[in-house]
Amino acid sequence: MTNDINHIPGPAPQFLIGNALDFVGTPSHIRLYEYALAYGDIMRFWLFNQASILINDPALIEQVLVSDRDSYYKNSPRKAAEPVMGDSLFLSNGRDWEFKRHNHPFSATHINNYFEQILPIIRETTDSYLENLQPSSTPKSVEFFGELVKLSFRIFGLTILGSAMNSDYFEAFNTLMQEMNNRGGQQFLPYPLSLNPKFWLQRQQWNNFIEKQISQSQQHSSPRGIDLLSFVIQDTALSTTQLRDELSTTFTAGTRNVAEAVAAVLFLCAKNPAAMQKLESEITAFLEEHNNEFQQADVNLLKYLDLVVKEALRLYPAVPLFIREVLPGRTVTLGGYRIPERTQVFISSWSFHRNPKHWQNPDDFVPERFTNVPPSFHYFPFGAGPRQCIGMAFTLLCTKVMLINIVSQYSLELEPGTNFDTTYFSGTIMPDKGFWIKLTKK
Ligand code: HEM
């Protein structure tokens, strides 16, 4: 016998607002984690009149993302993201999603050739950025998360669009991200309205710039450079607007995530000197052996780096939650309950990865736990199933290569008292009081 949604355990809702107050002043991923610990595999809450459930069970997560995925669609974060991302893969559904996924620049055949070519750009850009950051012989602490966002943005500019995008574009990017964040927190703001007058202007400039890059690329009969745009321009089935939205979305869906991944690894290793020493030794030996020159496939030889990145993304998955919605007109059965149309289903890697039911000593940093592959649907920093992050390979390459260069050239010392408490900004986590660290050139 199946029960209806009201039988699912969860906090008592309040009249009109449901449980929305639980999310005021507490980042969503932290609140969901508390819900998961309190209510178990499936729990229910209300955001105003929106029925929502959180699933914390691998079989249920598999059901929603894979076997019964056609009963759901991606609606959230449409309201927050559509004015910024346009009509991109990230927010598409059905046939439209299939077309865009299949024809996404990262789905290009021989994409590994592109990854091979951008590796030196990631290295050179990381080196020159850090050189400029620490010019003096007496280094002082810097807020390194913010610096990593700027560095990632520069790397994205060069490797996605083939342009060293100047600070005006970085400002426009930040305005777009801020707008997306504000919209995420404002349930009732209708689409055409923005409380920030700068937003529409900067969005226009941003889109114009990407369209200009596309048109310049189209005018070259042979590939212009070694950026993603040039790599795909000859063969893409996407229209100019579609290509613009996909390229733009790589920035808004990816730049801060890469910075967060690098920051999380550095924080965890700086806190755990034995791990830092092991990582440094592995990287030093690797660079010596390869005469400081290496290729994409060689990065896989760095086994400990791989474990450390995996463990950092377990504890700090940049995208800590994502949502599906039951299709209009459809009722699904999930965990023995009847779930009506339009119910939001939350899946939170943050909650799941830290749940003691599924992970031993979940709060401890133990990279070695990834020596064995985790059971299915236990580890999903990049989501899972057909909608798994399309930027995953790019992210892992950028993150690892940036780390190789940083760890091999700098000693890192955390500012006393620095922690990595996180807040939720525009769909991504970030250290809420910054990430203060001293880098000393070796
Ligand atoms: C640490 C880095 C990153 C993490 C943790 C991450 C996480 C995720 C997750 C969890 C999803 C699935 C969302 C869902 O199922 O609703 C996703 C989708 C996506 N990600 Fe990422 N992401 C990262 C970096 C990037 C980068 C660098 C890009 C682009 C360059 C990117 C572009 C996308 C896109 C376009 C989708 C939508 C895919 C689809 O719906 O078919 N992500 N990402």
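User: Which residue is the bridge partner of Val-332 in E8?
Analyst: Ile-339 is the bridge partner of Val-332 in E8. This is a predicted model, where local features need pLDDT of at least 70, side-chain atom pairs count only at pLDDT 80 or more, and totals for chains, interfaces and linings use all residues. Residues are numbered from 1 along each chain as its sequence is written.

User: How many bridges join E7 to E8?
Analyst: Three, and E7 and strand E8 (residues 337-339) run antiparallel. Strands (E, at least two residues) and helices (H or I, at least four residues) are DSSP runs numbered from the N terminus. Two strands pair if DSSP finds at least two bridges between them.

User: What is the order of that open sheet?
Analyst: The order is E1-E8-E7, an open sheet of three strands with mixed pairing. Strand E1 (3-4) and strand E7 (332-334) are its edge strands, each pairing on one side only.

User: What does E13 pair with?
Analyst: Strand E13 (residues 436-441) is joined to strand E5 (residues 142-143) by two bridges, and the two run antiparallel. Val-142 has Ile-437 as its bridge partner in E13. Strand E10 (residues 410-414) also pairs with E13 in the antiparallel sense, over five bridges. There, Tyr-410 stands opposite Lys-441.

User: Switching to the ligand. How many residues surround it?
Analyst: 24 residues surround the ligand, and the closest are Gly-254, Asn-257, Gly-383, Cys-389 and Gly-391. A residue is near the molecule if its C-beta atom, placed from the backbone, lies within 6 Å of it.

User: Which helix gives the most to that shell?
Analyst: H10, with seven residues. Helix H10 (240-271) and helix H14 (392-409) each supply at least two residues. By class, the shell has 14 nonpolar, seven polar and three charged residues. Nonpolar means Ala, Val, Leu, Ile, Met, Phe, Trp, Tyr, Cys and Pro; charged means Asp, Glu, Lys and Arg; the others, Gly among them, count as polar.

User: Where are the domain bounds?
Analyst: Domain 1 is 1-86 + 320-380 and domain 2 is 111-313 + 384-442. These bounds come from an automatic or database domain assignment. The centres of the two domains, taken over C-alpha atoms, are separated by 28 Å.

User: And how many residues are in contact across them?
Analyst: 26 residues of domain 1 are in contact with 26 residues of domain 2, contact meaning C-beta atoms, placed from the backbone, within 7 Å. On the domain 1 side, helix H1 (28-39), helix H2 (58-67) and helix H3 (78-85) each give two or more residues. H3 gives the most, with seven.

User: What about the core?
Analyst: The largest nonpolar core has 110 residues, and Val-262 is one of those that touch the most other members. Such a core is a set of buried Ala, Val, Leu, Ile, Met, Phe, Trp, Tyr and Cys residues joined through C-beta atoms within 7 Å. Its largest share, 14 residues, comes from H10.

User: Is Leu-16 buried or exposed?
Analyst: Leu-16 is exposed, with 9 other C-beta atoms within 10 Å. The cut-offs are 20 or more other C-beta atoms within 10 Å for buried, 12 or fewer for exposed and partly exposed in between, with C-beta atoms placed from the backbone.

Technical notes: Contact = placed C-beta atoms within 7 Å.
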